[in-house]
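Colleague: I would like to learn how to read strands, helices and salt bridges in a model such as this one. Could we go through them in turn?

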Amino acid sequence: MPVIQTPTTGIHYEDRGTGPVLLLVHGHPFDHTMWQPQIARFSRTHRVIAPDLRGYGRTPLGTPRDTTGADGRPRATGLGDFAEDLVDLLDALDVRDCVLAGLSMGGQIAMEFRRRHPGRLRGLVLADTFPAAETEEGRAARNAMADRFLAGGADAVREYADEVLDRMVAPYNTHAAPHVHRMMCATDPVGAAAALRGRAERPDYRQTLTTVPFPALVVVGRDDTYTPVADAEEMHALLPHSTLAVVERAAHLPNLERPEEFDAVLASYLRSLVRPI
């Protein structure tokens, strides 16, 4: 994989195809390979860029000076940090604007990107994600999981992967489970903990969604229990110009569980962007 050096880390990424840019942002605790079917499919019509986010896959969290606080504990990686990494990547690749697609945490990064850099997007795809700020209960749970990862290391990450696999991928989608489990088990516990702490402090993006002037796509798996259909319906209602697609027989990762159905929806959306609203 090529790498772009920033002042604090080196962003590893895949870059395939030519044409309009489609930037794919993975969720937690995964890496860019969660987009393998979409990279293969859409690199025939687009330039597809899929990075490993900071602290995930092959992209380091950063140097100790940049990632450790004054108390010696790891700093949080905020959604803004991820968004600025994406800007650095696009700048280094001389990309002015793109269609940005994010799933789960990747969708929240996409919303933060839109909030900070509205002029850099010409399309927005929000898959299996939600826009509200974290609740007090959710904040406590994310910080507790971060503590668990830091204390238990790779063993804790593997235990977590075992616990949640049937929610990430519906039990009837056995074809997708091994890849998802491998990605989760390979996740750096320190990077994942930093991201969990950052997501615990995320802002509310609902107002941001009401300002999106171009067509957007909202996708969700019918059986997703992390971000249920009701969350997707809320985003669809907030976005001025959006399409809502519910992928049947899929949970939290419809792009891997039902790639043909997911790709058909995404392809239709991308075609719509070449026509005026």
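**Reading the features**

Modeller: This is a predicted model. A bridge partner is a place to begin: in S4, Leu23 has Ile49 as its bridge partner.

Colleague: In what sense do S3 and S4 pair, and over how many bridges?

Modeller: S3 and S4 (residues 47–51) pair in the parallel sense, over 3 bridges. Together with helix H1 (residues 36–42), these strands make a right-handed β-α-β unit. S3 also pairs with S5 (residues 98–103) in the parallel sense, there over 4 bridges. In that pairing Leu24 stands opposite Ala101.

Colleague: How many residues of S3 are buried?

Modeller: Buried here means under 20% relative accessible area. In S3 (residues 21–25), 5 of the 5 residues are buried, so the strand is largely enclosed by the rest of the structure. Val21, Leu23 and Val25 cover one side, Leu22 and Leu24 the other.

Colleague: Which residues of H11 are buried?

Modeller: Phe262, Asp263, Leu266, Ala267, Tyr269 and Leu270 are buried in H11. They cover an arc of only 165° around the axis, which puts them on the same side of the helix. These buried residues pack against several elements, including S3, H1 and S5. As a check on geometry, the 14 residues of H11 (residues 259–272) should span 20 Å at 1.5 Å a residue, and the end C-alpha atoms are 20 Å apart, which agrees.

Colleague: Which residues of H9 are buried?

Modeller: In H9 (residues 229–238) they are Val229, Asp231, Ala232 and Met235. Seen down the axis, they fall within an arc of 155°, so they line one face of H9. Among the elements that cover them are H4, S6 and S8.

Colleague: How many salt bridges does the structure hold?

Modeller: There are 18 salt bridges in the structure. In one of them Asp85 meets Arg54, with the closest N and O atoms 2.8 Å apart. Asp85 lies in helix H3 and Arg54 in the loop between S4 and H2, so the pair ties together parts that are 31 residues apart in sequence.

Colleague: Is Asp85 buried or exposed?

Modeller: Asp85 is buried, at 8% relative accessible area, and Arg54 is buried too, at 10%.

Colleague: What is the N to O distance between Glu234 and Arg206?

Modeller: Their side chains meet in a salt bridge at 3.5 Å, N to O. The pair links distant parts of the chain, with Glu234 in H9 and Arg206 in H8, 28 residues apart. Glu234 is partly exposed at 28% relative accessibility, and Arg206 is partly exposed at 32%.

Technical notes: Residues numbered from 1 in each chain as written. Predicted model: local features only at pLDDT ≥ 70, side-chain atom pairs only at ≥ 80, totals over all residues. Heavy atoms only, no water. Buried < 20%, exposed > 50% of the residue type's maximum accessible area, 1.4 Å probe, protein only. Helix = DSSP H or I, 4+ residues; strand = E, 2+ residues; numbered from the N terminus. Pairing = 2+ DSSP bridges. Right-handed = clockwise from strand over helix to strand, strands pointing away. Expected span 1.5 Å × (residues − 1). Arc of directions from axis to C-beta. Contact = heavy atoms within 4.5 Å. Salt bridge = Lys/Arg side-chain N within 4 Å of Asp/Glu carboxyl O.
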